[in-house]
Amino acid sequence: MKKFAMAAIGGTLAGIVATTYVAGPLLAQESAREASVYEQLDLFGDIFERIRAQYVEDVDEKELIEAAIGGMLASLDPHSSYLSPDDAASMRVQTRGEFGGLGIEVTQEEGFVKVVSPIDGTPADEAGMEAGDFITHVDGESVLGLSLDEAVDMMRGPVGSEIVITVVREGEGEPFDVSIIRDTIKLTAVRARTEGDTVVLRITTFNDQTTPNLEAGLQKQVEEAGGMENVNGIVLDLRNNPGGLLTQAISVADSFLNSGEIVSTRGRNPEDGERFNAVPGDLSDGKPIVVLINGGSASASEIVAGALQDHRRAIVVGTKSFGKGSVQTVMPLRGDGAMRLTTARYYTPSGRSIQALGVSPDIVVEQPRRTAAAEGEDENAARRTRTEADLRGSLNNDSLTEDEIRQIKEDRERAEKAAELREQDYQLAYAIDILKGLVALGPKQ
């Protein structure tokens, strides 16, 4: 018994020693890490004081510290940033849907400002800015080496003032200048219209107005069509939509889903992850949907497209989306400033992360660029087209009633309108053709 007790005591002592050997190095590493952090903070303080005392000109201490904070956040990823009190106030106004500026969503790539997308109906859109354009100079001054916030500040100015932006565009041999007049940007989050028997919902951004605009716009178009039974489907046009509020992306996707996951977010800690699910209720009563995307569709747009695609609720048409699969949380800071920090990645219902990959369309459809030569060829082709009815002495068709002839003429007019749309917006016309095909293959009404 005595030997047993001695063995037990020996085992306990061995355990204590082993624990010391394991925990000791870990504690030492943590302590060394803490010491290194404080050393770096001391170094920051030394540099700050030397700049204040020895820089060739007087400096504003507040601007120095804000620049240091901005640089620290910008080093993390393109979407984390510091918002000064003025910037934070502007951001809150933007989410409500009205602000001053050019009307472009931008990011930074290889030191230059890259256009994610122009916003419909804004000065930048009317001036011909396109998704994928690189902005190299603002009023003749290079933006190379500036932070994104600094470059954006250069583009800000009074409403009504002119700005000249130098643009590099793929397919163009030389950089070119674009003149834009700054204006107040009033965002209409959703524009609704009917093309033939198809309701087109053009979603330009995801702000507080998006879901109410979507519901009201769809309801109005359905009422004008005489009921949902007269609608063959819906096109959700998310092209050049730079995103916005996560809550609105979830709400829009939920508008066309009865159940299932819409999106999940996963942060640094597993317990911080969230899943967002649809609740019963489909605004379209199950009508087929085509979602249009392109390289300017980012963030919230990709959440909607990915959710509807994964649930096989919609056919996604167009070109690969931008690929912004991260979630930013805006955190208020003292002094009315704020910090935009990337806190999670989001995943589609099937578990796909689209970060840097984007949403791949089910059917890839490029938007052809129209040229003057091509337009001239089309006009000549139209003039050359002849039918049997154009031939001298052709027989009349006397087998049709007046109602049947009228129906044929109406069908022909619809076909001609569809052809015109194909010239104006090939991707949208393609989407509408898909819905026509789905209806044609479905059961007879």
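Me: Why is F48 called buried?
Reply: The relative accessible area of F48 is 15%, and buried means under 20%, exposed over 50% and partly exposed in between, with a 1.4 Å probe and protein chains only; F48 is therefore buried. This is a predicted model, in which local features need pLDDT of at least 70 and side-chain atom pairs count only at pLDDT 80 or more, while totals for chains, interfaces and linings use all residues. Residues are numbered from 1 along each chain as its sequence is written, and side-chain values use heavy atoms, with hydrogens and water left out.

Me: Why does F44 count as partly exposed?
Reply: The relative accessibility of F44 is 42%, so F44 counts as partly exposed.

Me: What makes the pair of F44 and F48 stacked?
Reply: The structure holds two aromatic pairs. In the pair of F44 and F48, the ring centres are 6.5 Å apart and the planes are at 15°, so this pair is stacked. Rings of Phe, Tyr and Trp (its six-membered ring) pair if their centres lie within 6.5 Å; planes under 30 degrees apart count as stacked, over 60 as edge-to-face and the rest as tilted.

Me: Why are F44 and F48 separated by about one helical turn?
Reply: Both belong to helix 1 (residues 2-54) and are four residues apart, which means a separation of about one helical turn. Helices are DSSP runs (H or I, at least four residues), numbered from the N terminus.

Me: Why is V178 called buried?
Reply: V178 has a relative accessible area of 7%, so V178 is buried.

Note on methods: Helix = DSSP H or I, 4+ residues; strand = E, 2+ residues; numbered from the N terminus.
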